[in-house]
Amino acid sequence: MMNMEVLALVNKGLMLPLMEEFYTIQGEGYHKGTAAYFIRVGGCDVGCHWCDVKESWNADTHPPTDIESIVAKAATFSDTIVVTGGEPLTWDMGPLTTALKARNLQTHIETSGAYELSGTWDWICLSPKKNKLPTAEVYKQAHELKVIVYNKHDLLFAEEQAEKVGKDCILYLQPEWSVREKTIPLIVDYVMAHPKWKVSLQTHKYLNIP
């Protein structure tokens, strides 16, 4: 349990419940293949049953960490920083992105968009979830829309979500990893019939890297 002083700093975004941080290759979406430093923030109540990082959900299990130390470490690895979760927008991302931009770092976020958009972002990957839909603002600002496909009904959901993003937003369908053998043929056929969409794969899993 956090003491009141630490809790106040977390609520201001000056400390964040840090689950893990690592340097790797971005495996998904538009920037796949790019070396990037990932900051994974704990805390998420969206509750996707197929989530592969359920250990991120409970923020209380991850140590509140000063953002300056997070940024200082990130800057030694890469100029592309990806903030992910959990759901990073659970927290105020303003102070973190201000500190990252002060070091001329590129700020990317992977979010469900379920909470108010905060922070300054060079790239917003919006991955909406049926359980808790995105805010109107994040639809307008998303650079890429990435819909996870678990079954064929997710293709209908994807089209509903595509209607809400800007005209320049890049549209991706990505198979949920545990059912990829079933959904990849479905996605391939769909993209060929609806070429406004692109296929996204979790290439980092094929490469056996984080």
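User: Which helix is Val 188 found in?

Analyst: Val 188 sits in helix α6, residues 180–193. Helices (H or I, at least four residues) and strands (E, at least two) are DSSP runs, numbered from the N terminus. The model is predicted: local features need pLDDT of at least 70, side-chain atom pairs need 80 or more, and totals for chains, interfaces and linings use all residues. Residues count from 1 along each chain as written, and side-chain values use heavy atoms, without hydrogens or water.

User: Is Val 188 buried, partly exposed or exposed?

Analyst: Val 188 counts as partly exposed because its relative accessibility is 34%. (Buried is under 20%, exposed over 50%, partly exposed in between; 1.4 Å probe, protein chains only.)

User: Which residues form a nonpolar patch on the surface?

Analyst: Val 188, Met 192 and Val 199 form one. Together they have about 270 Å² of accessible area. (Shrake-Rupley method, 1.4 Å probe; patch residues have over 30% relative accessible area and no salt bridge, and nonpolar side chains are joined within 5 Å; a salt bridge puts a Lys or Arg side-chain nitrogen within 4 Å of an Asp or Glu carboxyl oxygen.)

User: How much space lies in the largest pocket?

Analyst: Rolling a probe the size of a water molecule over the atoms shows where empty space is left. Here the largest pocket has about 840 Å³. Its lining has 38 residues, and Arg 40, Asp 52, Val 53, Thr 84 and Gly 85 are the closest to its centre. (On a 1 Å grid, a pocket is an open set with protein on both sides within 12 Å along at least five of seven lines; a cavity is where a 1.4 Å probe fits but cannot get out; lining residues have an atom within 4 Å of a point.)

User: What lines the largest pocket, by element and class?

Analyst: β1 gives the largest share, 4 residues. By class, the lining has 14 nonpolar, 14 polar and 10 charged residues. (Asp, Glu, Lys and Arg are charged; Gly is among the polar ones.)

User: How much space does the second largest pocket have?

Analyst: About 190 Å³. Of its 13 lining residues, Trp 50, Lys 129, Lys 130, Asn 131 and Asp 154 are the closest to its centre. β7 and α5 (153–162) each supply at least two lining residues.

User: How many cavities of 30 Å³ or more are there?

Analyst: The search finds 1. The largest cavity has about 80 Å³. It is lined by 13 residues, with Gln 26, Glu 110, Trp 123, Cys 125 and Glu 144 nearest its centre. β5 gives the largest share of that lining, 3 residues. The lining of the largest cavity divides into 5 nonpolar, 4 polar and 4 charged residues.

Terms used:
Grid points are joined across faces, edges and corners, and a volume is the space filled by probe spheres set on the points. Patches are made of residues with over 30% relative accessible area and no salt bridge: like charges are joined within 9 Å, nonpolar side chains (Val, Leu, Ile, Met, Phe, Trp, Tyr) within 5 Å.
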